[in-house]
Amino acid sequence: MKRYRRLGTLVALGLAALLVLSGCRPAAEAPPPAGEAPAPKLRVGIVYDVGGRGDLSFNDMAYAGLERAQREFGDRIETRDLEPAAGGENREELLRLLASEGYDLIFGIGFLFTDSIERVAKEFPNVKFGLVDGFIADLGPQSNVVCLLFNEHEGSFLVGAAAALKSKTGKVGFVGGMRIPLIEKFEAGYIAGAKYVNPAIEVFSDYAGTTGEAFRDPVKGRELALSHYDRGADIIYHASGGTGIGVFEAAVEKNKLAIGVDADQSLTVKPDQRAHILTSMMKRVDVSVYETIKALVEQRFEGGYRNFGLADDGVGYAENQYNRDTIADIKPELERLKQKIVAGEIKVPSSRKELEAFLETLPTR
Amino acid sequence: METLASLFSLALLASAVRLTVPVLLAALGAVFSERGGVINIGLEGIMIMGTFFGAVGTYYGGPVVGLLAAVAAGVVFSAVHGLLAITLRVDQIISGVVLNMLAVGLARFLNIMLFGVATQSPGIRGFTPLSIPVLRDIPALKPIAAGISPLIPLALALVVAGHWVLVRTTFGLRLRAVGENPLAADTVGVNVFLMRYLGVLISGALAGMAGAYLSIEQGRGYLEGMTQGRGFIALAAMIFGNWWPVGALGASALFGYFDALSLRVVALNVPYQFLNVLPHIVTILVLAGFVRRARPPAADGIPYAKEEQG
């Protein structure tokens, strides 16, 4: 019987080892090394954020950018995308793997990559890095890192205005994922937009949590949205990744509206949810990835910071065949607001502090 | 005043019930496993399998198929725990942890195989919600009388049935005997291994059902990480419930209530972070305060081997 016991422990250890090993394996096979071609192809790699491909928003947008570049510069680049383990702890390892294999440009998708890219970029000065959503201080045009940042508050301002214009109850909601400055940027822009259009509007605002888990908790998303709808809100904007699935479910259940985020979510959700999505705040991660690859191919890659805002359509609100009629009546107003923001007449707040100052400038009714 | 009333509103109550059910089902499962003397820390992993197979089954064959698939997956997965912990007598904690790790990797692997992406299944349709006639027409009662998931009454019925099985049936008596004193039970001819296996398999079926409730009824699809540690909360609920089904119901309801409260009572002038940790603080207080009086089955967690004894 002793023998059995040892055997059991071995089986357990074996299973555990198998898991660890399978976790370390990159998601895609290595492409065959470039042959003796006269002009070697540029190699571009992407490491996704937690959630990975198939999240129907953030990571899929990055992939779309990579795909577009592959289509257009097919003969001059070769691409590869990797997914980190479930907890994302091996993201730095994957970056290093690509860098040591001699990749020319490597993207880290998501602010969680900030520290890893800062470290790995120092170790591999000849490799270029693109960091989506993260900020590394003291970069210049000669740096090998470019931070791809978005003016999410500007896009959120427009969908906030859309919500306020469409709300019949005078109450709207916001459901955030993890409570971090990045998501508070969405919140601040949204509230500012709603109050700008209707200073009397009431905005309920909640977050699903304070860890990365808060981006994949549809149960909580649903409960938070239901609580907003129960209190009279009729439109809810979510900036919460997978948690937002629950927000859409709640909208269907209560026959109310919701606003999507990052991608044009009307196109990616279940058919029965489509009618309940007023619009989405588009964040064109695909454009940022594509533009960076394009710059590399055209040999004009520059380090530093690139901001994608309303002016260059890096953010905006989504219009598609499902919501075109619904938003037709407010579109002129949204376009007018957009022009004002682009022209600098409206300075959209990007944090809670700035929001407070912004609200004080609004006329009280 | 309004905030005080919101503490006990029916909408809050309905939310609490929805959040109670997954914890309750898993805790009920844990009762059966531990009454038979096997600690099942792998509940979280079994729930993950339940969420995944619940979504897959529903995607291909509707919610009933999904529920059955989740229960079947829970049974199969818990059988692994049974094999390791009962037959091979691996440390039960380690075996449970293996289960939790295996579930994460396996669900991801299978999701890629079936749907081509790592972390999310396509959206699905759930059960047709129930409404209580008459009551649903009273506006004030509408939040609790309309749109009820059929799994909610099922879960409550299972608590009653579980209690009856443990207290009134021969099987229940034998299961408890095996958890208290396996040697004595063995001496009078009870098959210790069979009883323990049944306890573990029942816990797997119930934890699988808990997962199915999450993915079919609440998430309308599988999403990696959607169990959010509820399997562990269920273990706490089972302990707080003193290893009895009805106790587990009370404990789960308490957690469900505070969970719902933390999501709903934003109007109160309390820091947001505090509300967020409230369910966990309650868990800790409850475990520290009440559990001293709780008494686990005497042979809980101790592997049984025939020849080494006596």
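In this predicted model, chain A holds an open sheet of 6 strands, paired in parallel and arranged in the order 2-1-3-4-5-11. At the edges sit strand 2 (77–82) and strand 11 (304–308) of chain A, each of which pairs on one side only. Going from one strand to the next, the twist averages 20 degrees. To see how one pair in this sheet is put together, take strand 1 (residues 42–47) of chain A, which is joined to strand 2 of chain A by 6 bridges in the parallel sense. Here Gly45(A) has Arg80(A), in strand 2 of chain A, as its bridge partner. A helix also belongs in this picture: helix 10 (residues 285–297) of chain A lies across strand 1, strand 2, strand 3 (105–109), strand 4 (128–132), strand 5 (145–150) and strand 11 of chain A. Helix 10 of chain A runs at about 165 degrees to strand 4 of chain A.

Chain A has another open sheet to look at, with 6 strands in the order 7-6-8-9-10-12 and mixed pairing. Strand 7 (202–209) and strand 12 of chain A each have a single partner strand, so one side of each is left without a neighbour in the sheet. On average, and ignoring direction, neighbouring strands of this sheet are turned by 15 degrees against each other. Helix 6 (residues 181–197) of chain A packs on the sheet and touches strand 6 (171–178), strand 7 and strand 8 of chain A. The direction of helix 6 of chain A makes about 170 degrees with that of strand 6 of chain A.

Strand 8 (residues 235–239) of chain A runs parallel to strand 9 of chain A, and 3 bridges join them; Ile236(A) stands opposite Ala258(A) in strand 9 of chain A. Strand 9 (residues 257–262) of chain A then pairs with strand 10 of chain A, again in the parallel sense, over 5 bridges. In this pair, Asp262(A) has Met282(A) of strand 10 of chain A as its bridge partner. With strand 12 (residues 315–317) of chain A, strand 10 of chain A pairs in the antiparallel sense over 3 bridges, and Lys283(A) stands opposite Val315(A) there. Strand 10 (residues 277–283) of chain A is mostly covered, with 7 of its 7 residues buried.

Over in chain B, helices take the stage. Helix 3 (residues 43–61) and helix 4 (residues 63–87) of chain B pack at an angle of about 150 degrees, and their axes are 7 Å apart. The crossing of helix 3 and helix 4 of chain B is right-handed. Residues making the contact include Gly45(B), Met49(B) and Phe53(B) of helix 3 of chain B, along with Leu67(B), Ala70(B) and Phe77(B) of helix 4 of chain B. Sorted by class, this contact between helix 3 and helix 4 of chain B has 14 nonpolar, 9 polar and no charged residues.

Definitions and conventions:
Residues are numbered from 1 along each chain as its sequence is written. Chains are lettered from A and ligands numbered from 1 in the order in which they are written. This is a predicted model: local features need pLDDT of at least 70, side-chain atom pairs count only at pLDDT 80 or more; totals for chains, interfaces and linings use all residues. Two strands pair if DSSP finds at least two bridges between them. Helices (H or I, at least four residues) and strands (E, at least two) are DSSP runs, numbered from the N terminus. Axes are lines fitted to C-alpha atoms, for helices over the stretch in contact, and angles run from 0 to 180 degrees between N-to-C directions. Two residues are in contact if their C-beta atoms, placed from the backbone, lie within 7 Å. A residue is buried if 20 or more other C-beta atoms lie within 10 Å of its own, exposed if 12 or fewer, and partly exposed in between; C-beta atoms are placed from the backbone. A crossing is left-handed if the near helix is turned anticlockwise from the far one by less than a right angle, and right-handed if clockwise. Ala, Val, Leu, Ile, Met, Phe, Trp, Tyr, Cys and Pro count as nonpolar, Asp, Glu, Lys and Arg as charged, and the others, Gly among them, as polar.
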